[in-house]
Amino acid sequence: MSNELEALLKEKRVFNPSTEIIEGSNIKKWMDKHNLKDYDELQEKSLENPQWFWNEIAGELEWFQLYKKVLKWDPPNVEWFLDGKTNIVHNALDRHIEGPHKDKIAFIWEGENGEVKKLSYNDLYMEVNRFANALKSLGVEKGDRVSIYLPMILELPIAMLACAKIGAIHSVVFSGFSAKAFADRINDAGSKIAITADGFNRRGKVIHLKNKVNEILKDTPSITNLLIVQHAGVEAVMKDGRDVWWHEIRDGMDSECETVSMDSEDPLFILYTSGTTGKPKGVVHVHGGYMVGVYATLKFVFDMKEEDIWWCAADIGWITGHSYIVYAPLIFGVTSIMYEGAPEYPNPGRLWRMLEDYKATIFYTAPTTIRMFMKYGEKWPQKYDLTSLRLLGSVGEPINPEAWVWYHKHIGGDKCPIMDTWWQTETGMHIITPLPISDLKPGSVFKPFPSIKVDVVDDDGESIIGGGGHLVIKSPWPAMFRNLYNNPDRYMETYWSTFPNIYLSGDVARQDENGYFWIQGREDDVMSVAGHRISSAEVESALVSHHDVAEAAVVGKADPIKGEVIYAFVILKQGIKRNSDLKNILKNHVRNEIGPIASPADIILVSDLPKTSSGKIMRRVIKAKVKGEPVGDISTLANPEAVDELDKDLVI
Ligand code: WTA
């Protein structure tokens, strides 16, 4: 039995939130107002009538024209808040300027080198307006796509909000991806403008961005201009007529800009995520439903209050940052912390020092981070006063019970409930999650958010209790994605064709006898490396793009800190000299093609790979080998002898 499984079986404790947390929570107050006794009653009533539930919440936000109908569901087609007119930026910024939030701090930003900047809602509003006017001056119009490749600096949310304000569609690409990955995403979206920075700080070094982008812009014909933010103060090679410094164009820009009225269903952004093929999927979200969904979950799951200091320590390049660093907290009018650099830099006390300094009340991070800090030991958090914390959160991968208990004890001081939120780029908002009133079992993501019907089913679509199966969502939710950009066929095929009219998440899960959900991992060939979604096929295609490589097979291997690390089995072309340098060359090649997060932990040079008679590589067999488990039925293999070849690294 694996250690992890053993720990899961041992950890039987249930952690109940204190009466103070329950009684003070937004969800409890809301339930009292609607005469609902507990989660079960709330879930029952909201499932019976999701329109009622979402109409109540949408009514807390402002609409230029109120919607006429809450929901039209003709799976997989969905529309929320029909005929409503709004703009998410009106709710995230404009309305605050008229009221008490005007001078409140929106973001406390800390650079890796210790520099601190604070932006009030009014500062942010004016900066977004200037940025939006700059985009307009470069010819950006409603519906145009803008690709953004920025690190964790304030100009990233500013650029996103500026796009949304004028009705342009932003496509943010994680700054840890390679410039080549940025180019692929620009071309898929057909973006008009690209935005980047000169560079940023990471573990004490400056990472250059602009000069890397120079190399790819010859292959992105749709781009007319590149807007560059000066941040790291490093040299950037500029191209006349195409490249514009943000700080130079900014001076001439008006700090007022009209917010364009958008239909609820108008697209807000595209965010690329990995699928089972080598080509990333452009997940499309819209203004109306997304706005209501992220707001509701921040209010009820993270129990956001006016005086809270919120820190979602994700990167804005991923959905967690889009929803819970940029949009939801601003809609709420809360103060957020934003951090540029590496969490363990210059020492493993960094995060805890920042929690103390800014008196953060709610902290949201990924299990990988928790496991990394467990390794450094509790002596680091013990140096700091973390008593301001009230709630904790986890996202991105299953959290093992030991890490859960460590987080609860050493960061939460045994008093902060942990909201382990399951959701995806596609869902836009939390789907299966505890509420601050829930009794928690470490390692379980609790139950669906009110009004959403989630299930675990077998291959025939029948519900299963107790055993593992496909995790599916059987009802619509407002922040659901509406399509894959330029690829409706893949949208249908990936998510809606396995079980008709039911959303297939791609995860395997189990529901226990109390209705608690336990996520077991992905069922497709998507790996989860330090909480990042990376597809096996994407890494394989990067490897075979190297001139020395004939074939490659990539699988994830369990890792105590990162969840999974990448193992690559490679067959070299004939006549290529094998040596251990070549392994590093190939690792670097993947770095350049996709980014450091996709670089294999190990590359094994082999002479053969197990294949079916149709020539398809059997990753299942390779995975079993890597795990040290029996390879199972190999009768369909065309070359069973290849299984033993996997053990023989030709370099060693
Ligand atoms: C995984 C991240 C277990 C899951 C918001 C999902 C989780 C994928 C959890 C989506 C969780 C996310 N427990 N697994 N609390 N949250 N996952 O699109 O496999 O980057 O399908 O969105 O992360 O990753 P994505």
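Guide: A residue is called buried under 20% relative accessible area, exposed over 50%, and partly exposed in between, with a 1.4 Å probe and protein chains only as cover. Helices (H or I, at least four residues) and strands (E, at least two) are DSSP runs, numbered from the N terminus. This is a predicted model, in which local features need pLDDT of at least 70 and side-chain atom pairs count only at pLDDT 80 or more, while totals for chains, interfaces and linings use all residues. Residues are numbered from 1 along each chain as its sequence is written, and side-chain values use heavy atoms, leaving out hydrogens and water.

Visitor: How many helices and strands are in the chain?

Guide: The chain has 22 helices and 32 strands. Of its 652 residues, 62% count as buried.

Visitor: How does the radius of gyration of the chain agree with that of a compact globule?

Guide: The radius is taken over C-alpha atoms, and the globule rule is 2.2 Å times the number of residues to the power 0.38. For 652 residues a compact globule would have a radius near 26 Å, and the chain, with 24 Å, agrees with this. Along the principal axes, the C-alpha atoms fill a box of roughly 70 × 65 × 55 Å.

Visitor: Is strand S4 mostly covered or uncovered, and which strands does S4 pair with?

Guide: Two strands pair if DSSP finds at least two bridges between them. S4 (residues 105–110) is mostly covered, with five of its six residues buried. S4 runs antiparallel to strand S5 (residues 116–120), joined by five bridges, and pairs in the parallel sense with strand S17 (residues 335–339) over four bridges. Trp109 has a bridge partner in each: Lys117 in S5 and Met338 in S17. Five residues lie between the strands in the hairpin of S4 and S5, where Gly114 takes a positive phi near 95°.

Visitor: How many residues lie between S30 and S31 in their hairpin?

Guide: That hairpin has three residues between its strands. Strands S30 (residues 549–559) and S31 (residues 563–572) are antiparallel, paired over 10 bridges, and Lys557 stands opposite Val565 in S31.

Visitor: What is the strand order in the open sheet of four strands?

Guide: The order is S23-S24-S26-S27, with antiparallel pairing. Strands S23 (454–457) and S27 (517–522) stand at the edges with a single partner strand each, so one side of each is left without a neighbour in the sheet. From one strand to the next, the twist averages 45°, an angle between N-to-C directions, from 0 to 180 degrees, of lines fitted to C-alpha atoms. Four bridges join S23 to S24 (residues 468–473), and Val456 stands opposite Leu471 in S24.

Visitor: Which residues touch the most other members of the largest nonpolar core?

Guide: In soluble globular proteins, nonpolar side chains tend to be buried together. A nonpolar core is a set of buried Ala, Val, Leu, Ile, Met, Phe, Trp, Tyr and Cys residues joined through side-chain atoms within 4.5 Å. In the largest core, of 129 residues, Trp54 and Tyr327 touch the most other members. Helix H13 (residues 319–332) supplies the largest share of this core, nine residues. Apart from it lies another core, of 42 residues, including Phe177 and Met527.

Visitor: Which residues is Trp54 in contact with, leaving aside its neighbours within four places in sequence?

Guide: Contact means heavy atoms within 4.5 Å. Among the contacts of Trp54 are Val70, Trp80, Phe81, Met429 and Phe449.
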